[in-house]
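Look over the chain, then read the points below.

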Amino acid sequence: YDTKPIADLFPNTTVMFADIAGFTAWSSVREPSQVFTLLETVYRAFDMSAKRRRVFKVETVGDCYVAVAGLPEPRKDHAVAMARFARDIHSTMKVLTQKLEVNLGPDTADLAFRIGLHSGPVTGGVLRGANARFQLFGDTMNTTARVESTSLPGRVQLSKDTAESVMKGGKGHWLEERKERVSAKGKGEIETYWLKATFYQQNATRSTAGS
């Protein structure tokens, strides 16, 4: 290329990986149109929530939804904002799958997201070439994937870094420490936290930016 890549370092962000637990088994007995009906419906709702929360949707990889707070415009409350967005996803998924079960069949309402959050620096930019798009790189992305994979269906797991940022934002009452440490590939055993169930129950079907 004749010009430099369009890329930058964003030192303070919170990344979210959200994966639908049970999706592979569910989708294996559905028509392709049914699979896309589910994904398009829930992702459209998530995109609207992301816009409202000023969260940046990075991409969807299969049934995994990837988003980040703290870029392209820096914000001090990136961890708090992402915790609220994760709550939106949890509540929205519960409502939508119950409605979709009528047309998409049994077990649809049993689907739930397994969510992981981690805070740290990321390198972001437009990776040029065929189907060029904005992408994120760095150890923060890898750690977020580990936090998500060790989470549980219907729960939001936060790394210690994200939990500390939430606490600094005055929202420590949203959290509870996970009793057992989890084993993260390449990281060893790490300390993590859960978003409390009582936090999910606040504005269960509709969240507002000031909630």
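Helices (H or I, at least four residues) and strands (E, at least two) are DSSP runs, numbered from the N terminus. This is a predicted model, where local features need pLDDT of at least 70, side-chain atom pairs count only at pLDDT 80 or more, and totals for chains, interfaces and linings use all residues. Residues are numbered from 1 along each chain as its sequence is written, and side-chain values use heavy atoms, leaving out hydrogens and water.

**Helix α3**
- α3 covers residues 78-104 and bends by about 30 degrees at glutamine 98. The bend is the angle between axes fitted to the seven residues ending there and the seven starting there.

**Backbone angles**
- Most residues other than glycine have a negative phi, and most peptide bonds are trans.
- Arginine 54 is not a glycine, yet its phi is positive, about 60 degrees. Arginine 54 sits in the loop between α2 (32-53) and β2 (56-61).
- Aspartate 107 also has a positive phi, near 80 degrees. Its place is the loop between α3 and β4 (112-127).
- Aspartate 107 has 47% relative accessibility, so it counts as partly exposed (buried is under 20% relative accessible area, exposed over 50%, partly exposed in between, with a 1.4 Å probe and protein chains only).
- The peptide bond from leucine 71 to proline 72 is cis, with omega near -5 degrees. Proline 72 belongs to the loop between β3 (64-69) and α3.
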